[in-house]
Amino acid sequence: MTKKTKKDDTKATNFSGMSGAKVFEKMLRDQGVEVLFGYPGGVLLPIFDELHDSKIKFILTRHEQGACHMADAYARSTGKTGTVIATSGPGATNLITGLATANMDSVPMVAITGQVKSSLIGNDAFQEADVTGITRPVTKHNFLVKDVKDLGRIIKEAFYIASSGRPGPVLVDIPVDATTALLDGEPDMEMALPGYKPRGGKGNERQIKLAAKAINDAERPVLYVGGGVILSGASDVLREVAIKGNIPTTTTLMGLGAFDESHPLSLKMLGMHGTAYANHAVQACDCLISVGARFEDRVTGDLTKFAPHAKIIHLDIDPASISKNVMVDIPLVGDAKCILEQMLPHIKDGKREAWIKQIDGWKKKFPLTYKAEGKIKPQEVCEMLGKLTDHDAIIATGVGQHQMWTAQFYGWKKPRQIITSGGLGTMGFGVPAAIGAQFGNPDKLVVDIDGDGSFSMTMVEIITSVQNNLPTKFIVLDNDYLGMVRQWQQLFYNKRYSATPHKCPDFTLIAKGFGAEARTVTDRSELEDAMKEMINSKGTYVLHVRVEPEENVFPMVAAGKALDDMIHGELI
Amino acid sequence: MKHVISAIVQNESGVLAHVAGMFAARGYNIDSLVVGRTEDERFSRMTIVVIGDDRILEQVRKQLEKLITVVRVRDFLGADCLLRDLMLIRVHALPDKRTEITSLVDLFRGRVVDVSKSSIMVELAGTEEKLEAFIDLVRPYGIRELARTGVIAMQRGQTTTSDNEEK
Ligand SMILES: Cc1cc2nc3c(=O)[nH]c(=O)nc-3n(C[C@H](O)[C@H](O)[C@H](O)COP(=O)(O)OP(=O)(O)OC[C@H]3O[C@@H](n4cnc5c(N)ncnc54)[C@H](O)[C@@H]3O)c2cc1C
Ligand SMILES: Cc1ncc(C[n+]2csc(CCOP(=O)(O)OP(=O)(O)O)c2C)c(N)n1
Ligand SMILES: [Mg+2]
């Protein structure tokens with residue numbers, strides 16, 4: 001994602017005499033904003049008055065957190081920058097979880113908050129909060145607009161910062177008087193960011209040749225692919241590199257879809273709940289090629305024992321990512337797509353028969369499994385959805401066991417297919433995320449696979465889906481537990497289920513009350529029929545599936561263990 | 001290892017919060033931090049002394065550079081540069097001890113800037129080590145009050161921090 005700011009016709013515009021609110025509306029359109037998610041409030045009245053007959057589609061959500069996740073998922077699923085607006089004080093503080101979620105996963109987003117009158121800032125005025133202070137640690141950058149003449153320029157800068165280099169959320173806090181004031185003369189719209197020089201583009205040719213040589217010399221290389229490949233749009237050239245060198249490829253949770261999992265070179269996901277064959281391959285490899293991934297602890301396990309035999313190549317757009325957790329042998333700084341394209345001609349055709357054979361052995365010995373007996377298993381729901389949707393739907397998730405089963409069993413083919421909170425792990429992300437993705441992809445099938453706990457946190461946004469006539473689908477894998485935490489209690493706290501039994505209401509009744517279609521399924525025999533009914537339905541649909549309560553996610557690398565020290569299920 | 005980092009930052013409100021916040025959030029401890037104007041009114045210079053191993057310092061530098069309002073960053077470790085710390089110190093000094101103390105001040109090329117009945121105030125600039133040595137020597141007389149600016153740094157010779165394309 002190194003796109004520069006979009007076509008810029010602000011130069012031709014006569015801003016003199018415009019109100020701040022008008023400048024705001026105009027600048028958003030210039031930045032290509034089509035959909036704005038949010039919630040109004042006192043200090044935003046001038047802006048909402050402008051939005052009333054604007055071409056920008058405004059989506060009123062039921063909570064600012066929902067709006068923020070929607071803007072985030074809109075961005076993740078389209079690659080465009082998401083936009084959200086909230087009022088001062090409580091409206092702004094309701095955005096925090098959403099901003100932190102986007103920040104951790106490098107999502108391009110611009111958040112606008114209203115602020116009290118400049119003259120009142122710092123006075124504990126009604127609905128005042130120090131929003132730039134509160135959001136500084138959870139944004140890529142933030143601005144407080146002090147004067148209407150800076151407003152246009154700052155909005156331009158905000159969109160540029162959000163979408164360039166390593167993307168992230170940028171917040172612009174606008175005091176109400178800056179929206180009512182009229183511009184006296186033409187403002188300076190030239191961006192003034194002397195300290196911002198985002199990396200991107202090509203990498204150092206010498207380093208790239210060095211990396212290619214290390215790869216060519218390796219007998220047991222592994223490609224470890226992360227969210228950066230999706231942000232960069234590098235999955236096509238990545239596939240070419242992998243196939244040319246015959247290099248087994250694993251992805252992080254954020255990288256799912258960057259490499260087609262049906263390809264024989266795919267090792268699927270690695271890490272805490274990754275496949276055993278991916279984890280064994282990483283631990284045994286002699287060259288680990290990390291592309292747009294950040295060696296997070298859910299991926300590496302015990303750092304001191306991570307990939308002990310490997311020469312490590314790390315390609316990342318953010319120099320601060322390199323050698324942050326793991327000391328890297330060959331750093332490559334730049335955009336994944338550009339650098340892989342530079343590297344491809346230097347990669348020699350590889351056979352690596354012994355290595356592929358060894359990996360196939362692991363694949364046979366340690367497949368992802370479950371037993372479709374007794375109550376409905378959550379895994380079979382994810383797997384069935386994959387088959388019924390030809391592995392082509394956009395899938396949002398909450399956070400917990402259901403998220404991991406979705407990652408393991410859906411079968412990912414394409415980038416931007418999974419919309420999930422990886423870095424922050426935000427429960428409640430799924431419902432608004434599916435809605436946001438649907439706004440960005442009106443013609444695609446979008447399904448939220450959610451947990452009963454996560455769903456309960458934000459299910460109120462089903463109203464937003466219904467009122468906008470969205471065809472979005474929501475599957476609740478209801479296991480009567482905050483399952484992921486319960487699993488840890490079962491394994492490490494003597495089955496003492498403290499605070500994890502989670503009694504649920506009648507979700508179908510609630511969904512129907514919200515105006516959606518809904519159905520509860522408890523028996524395996526009904527499952528496929530219900531799934532098909534859901535997929536073929538026209539409107540918003542909530543499928544409530546009662547699943548085996550004490551099913552666990554395996555394999556599992558317990559916290560602090562080496563990556564190949566895995567707990568397996570009973571079936572292996 | 002003690003590192004002296006110099007950062008040219010945009011001269012606007014909130015920058016200090018960005019820098020201090022980054023240090024706090026990542027658990028890096030600041031030994032001293034000095035902010036002042038530069039030859040260009042659009043920018044200020046922050047001189048930050050941080051203690052940590054090279055790996056941590058590498059992260060500190062990269063994270064600083066990542067801040068949008070930080071224009072340039074330079075680690076002075078190993079560079080041929082001048083480091084200066086300025087101190088004001090008030091030492092307990094009854095008339096019979098004054099000459100003893102002022103001769104120490106002369107030896108360190110400090111200046112007596114204020115004298116009262118029972119104390120004198122000394123201004124002293126130099127490296128941190130020099131200041132520490134002076135403090136040790138006057139401690140027996142009794143230190144009433146002490147204030148230090150923290151370290152500022154500048155490279156010797158022709159190059160300026162702004163010439164060093166560290167970004
Ligand atoms: C319950 C739970 C369990 C989890 N279990 C696992 C697990 O088992 N396995 C797993 O993998 N994850 C798991 N995660 C997710 C994990 O926490 C991290 O979010 C994830 O591993 C990070 O993915 P990533 O390394 O691809 O980095 P991302 O967060 O996607 O970061 C992207 C990286 O790419 C770089 N980048 C950005 N743009 C570009 C570009 N254009 N070119 C090059 N580089 C670029 C960025 O600088 C950054 O370093 C789990 C999360 C939860 C909530
Ligand atoms: C907002 C938030 N609060 C708490 C947690 C800690 N947490 C992680 S998973 C989980 C349980 C999730 O339960 P559910 O949504 O029902 O999913 P399941 O694991 O049962 O599939 C909890 C409480 C979190 N990730 N996010
Ligand atoms: Mg649950």
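A residue is taken to be near a molecule if one of its heavy atoms lies within 4 Å of it. In this predicted model, 37 residues surround ligand 1 by that criterion, and the closest of them are T252(A), R294(A), E296(A), D316(A) and D335(A). Sorted by class, this shell holds 14 nonpolar, 16 polar and seven charged residues.

An N or O atom in the side chain of R294(A) sits 2.7 Å from an oxygen atom of the ligand. For E296(A), a polar side-chain atom is likewise found 2.7 Å from a ligand oxygen, while D316(A) places a polar side-chain atom 2.6 Å from an oxygen atom of ligand 1. Of the 990 Å² of accessible area that ligand 1 has on its own, the protein covers 98%.

Helix 10 (227–232), helix 13 (297–300) and helix 17 (401–409) of chain A each give two or more residues to it, with helix 10 supplying the largest share, four residues. At the level of domains, at least three shell residues come from each of domain 2 (205–365) and domain 3 (378–560) of chain A.

N479(A) counts as buried because its relative accessibility is 6%, under the 20% cut-off. Y481(A), with a relative accessible area of 15%, is therefore buried as well.

Note on methods:
Residues are numbered from 1 along each chain as its sequence is written. Chains are lettered from A and ligands numbered from 1 in the order in which they are written. This is a predicted model: local features need pLDDT of at least 70, side-chain atom pairs count only at pLDDT 80 or more; totals for chains, interfaces and linings use all residues. Side-chain values use heavy atoms; hydrogens and water are left out. Buried means under 20% relative accessible area, exposed over 50%, partly exposed in between (1.4 Å probe, protein chains only). A polar contact is a pair of N or O atoms within 3.5 Å; within protein, one must be able to donate a hydrogen and the other to accept it, and residues adjacent in sequence count only if both atoms are side-chain atoms. Accessible areas come from the Shrake-Rupley method with a 1.4 Å probe; for residues, only the protein chains shown count as cover. Ala, Val, Leu, Ile, Met, Phe, Trp, Tyr, Cys and Pro count as nonpolar, Asp, Glu, Lys and Arg as charged, and the others, Gly among them, as polar. Domain bounds come from an automatic or database domain assignment.
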